[in-house]
Amino acid sequence: MNILQKLSVANTFHKSRRTVYLTALTIFMCFLMFSGTTVVMGLHNGLKQLQNRLGADIIVIPKKEAQKHSFEGILYSGKTGYFYFNKNIFNEISDMEGINNITAQYYLASVGADCCFTEVQLIGFDPDTDFIVKPWLQKNYNRQLLKGEVLSGSDVFIPDNGILKIYNNDLKSVGILERTGTGLDSTVFVDMETLKTLLRSSIDLGLNDYNVSPDDVVSSVMIKVKDGYSKFKLTKEINKRFKEVKAIENQDMIKGFAGKLDTAAIVVKIVVAVIWIMSLLVMHIYFSMSLNERKKEFAVLKVLGFTNKSIYAMILYELLIIFSVSFVLGLLMSSVWGLQLKTYLETRLEVPFMYESFSSYILHGGVAVAVSLLLSLIFLSGSFIRTVRMSLFSVLREVD
Amino acid sequence: MHLTVTGLNMFFENQIKSITNERTAILNDINFELKQGCITQIIGPSGCGKSTFLNILCGLLKPKSGDIFYGNQSIYSLSDSQLATLRNQKFGISLQKNIGIGSIPVIDNVNLPYSYMHNGKTDTCDNSHHLLELFGISHLKNNLPGELSGGEMRRMCLARALVNNPEFIFADEPTSDLDCENTDIVMTVLKNRARNGAGILIVSHDSAVYPYADETFTINNGILKQIN
């Protein structure tokens, strides 16, 4: 430690009240920047994941459910739901022109009763035609899902023995899927045959609102349009031909939600910016006042032969000590708060929210805080350069 | 090595200057040489410009015209950092007002110019301890400046000015807070420094300084005049 660092440390500890106030203010700024950044990024990632997970250009669901937005509930917020329509529609759509891939999905929800381990959303897919779930599942589970096996979303509670009891059927959990930040994290995936068995059991137990034959229905149809064909035209065509269902383009499916997220992100950004600027101003006033008190100290250092540059370095070290402590504490506080916020956004506002990996979370938040601190430093540097320059003159004038 | 002043002029610009362009001369065409090996005392009524003269001489203030030469080098041709180095290594300055760095103990305050001269080294030099002994405040070395009396603070500031064994020492009212005994101690230390070759400029009203001074000047109406 050289003399400038020693002086900085001594000054920081000697003026403990000044240090505490300045630290509290910078902690608040760090907290604000880190939280703001992670909230905006979390919302953005949630939306991105959702878009990736949809995977289809057009989604076909029963018209009644489209009006109730049940499908969005399953996707975004982990609400359970199930609905069915006639499989013939699926077969007829399959014959239409301009379709590159088409697959059907089957939905079922377990219930919070003795027959089931917990209430959970189930999605069944056809391994032969699926192009939505399989590529994602393969990342986590590199083989074909067998009958009676399940893959669970990251938020699904798995009993210790790995057996999930659903409508009195014992299913074996063979893997947990990577996190998406969407409702799919609370979903259990099974193959089509397993889902049909479960559907039958739910009907037999009298726990299903529908009385359907599993072989005659599907819940949704996912379509990937051939290159050169218009999604819009195909959607229109399906809606024209089949009155019982509603075809929705994927961007329309998340449009309302994307708008909601954008608005939330803008509000967060504005609030963070306003509070940040106000904190910076308060910090500037406080910092200028404390520098003013130290004019004599700077003057005497100059008399002893310290250069302006050395005195700037000393103040800079002091700020770095305060900023480093604030950086760490700000990160810790906002991390704790961030987890609470995530739960709030997902459960209360039904917004898909996803943090990236821990390292990326720290990196992005850290960079935002570092940039914010750097800007503060640049903002404050004017005061300390002016004060140090004028210190000698004002002290000598005071004496003379 | 001599410190020479040529054609020094310093004006106090009146607040009504913008209307009348009136200026009051504080120092008027002063030529002066501060010699090593002797104590030079400046006396004069309050507000006559004694402290201003001292501050100009050690490069803390810049005159309106004239020059200060350290040897053959004009100190106004030096860059800020060169001037700072000169103040740190060749000059020892004790201001009229006692100012300490409140966050570090007395010994570190005294040692500051030495640490800075040695690229920030934080070891305490023997001279710091020796000076505290000489000035009779070694028992306060671990106290903070805020805990010292005016006289103790004055001696700390003087010790700090002397720690790098400067060629020139500038002391503004070095005995103002001191009793007779401590005045003698301080002046004896300064006299010994002069004997060892330092050039010392003392600005003081104190008659107790007079017997120690080799030369005495007065400033009256901006004119520097030797009286002894």
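This is a short talk on the two chains of a predicted model, their contact, and a few local details.

Two notes on conventions. Because this is a predicted model, local features need pLDDT of at least 70 and side-chain atom pairs count only at pLDDT 80 or more, while totals for chains, interfaces and linings use all residues. Residues are numbered from 1 along each chain as its sequence is written, and chains are lettered from A and ligands numbered from 1 in the order in which they are written.

Chain A to begin. Its secondary structure comes to 12 helices and 11 strands. Those are DSSP runs, numbered from the N terminus: helices are H or I with at least four residues, strands are E with at least two. Chain A has 400 residues, and 41% of them are buried. Buried means 20 or more other C-beta atoms within 10 Å of the residue's own; exposed means 12 or fewer; partly exposed is in between; and C-beta atoms are placed from the backbone. Now contacts. Two residues are in contact if their C-beta atoms, placed from the backbone, lie within 7 Å. Take the contacts in chain A between residues at least 6 apart in sequence: 81% join residues at least 24 apart.

Chain B next. There are 7 helices and 10 strands. Of its 228 residues, 47% count as buried. For contacts in chain B with a separation of 6 or more, residues 24 or more positions apart account for 69%.

How do the chains meet? On the chain A side, 23 residues are in contact with 28 residues of chain B. The elements of chain A giving two or more residues to that side are H1 (3–14), H10 (295–303) and H12 (358–399). H1(A) has the largest share, with 7 residues. By type, the chain A side divides into 13 nonpolar, 6 polar and 4 charged. Nonpolar here is Ala, Val, Leu, Ile, Met, Phe, Trp, Tyr, Cys and Pro; charged is Asp, Glu, Lys and Arg; the others, Gly among them, are polar.

Now one helix inside chain A: H8, residues 231–241. Which residues of H8(A) are buried? They are A:Leu234, A:Thr235 and A:Ile238. The buried residues pack against strand E1 (58–62), helix H5 (87–94), strand E10 (220–225) and strand E11 (245–249) of chain A. On the face turned away from the buried side sit the exposed residues A:Phe232, A:Lys233 and A:Lys240.

Over to a helix pair in chain B. H4(B), residues 106–117, packs with H6(B), residues 150–162, at an angle of about 30 degrees, with axes 7 Å apart. The two are therefore roughly parallel to each other. From H4(B) come B:Val106, B:Asn109, B:Val110, B:Leu112 and B:Pro113; they meet B:Met156, B:Ala159 and B:Arg160 of H6(B). That contact divides into 6 nonpolar, 1 polar and 1 charged.

Last, two backbone points. A:Tyr167 is not a glycine, yet has a positive phi of about 45 degrees. A:Tyr167 is in the loop between strands E6 (163–166) and E7 (169–176) of chain A. Buried or exposed? A:Tyr167 counts as buried, with 23 C-beta neighbours inside 10 Å. B:Asn221 also has a positive phi, near 50 degrees. B:Asn221 lies in the loop between strands E9 (215–220) and E10 (223–226) of chain B. B:Asn221 is exposed, with 12 other C-beta atoms within 10 Å.

Conventions: Axes fitted to C-alpha atoms, helices over the stretch in contact; angles between N-to-C directions. Parallel < 35°, antiparallel > 145°, perpendicular 65-115°, else oblique.
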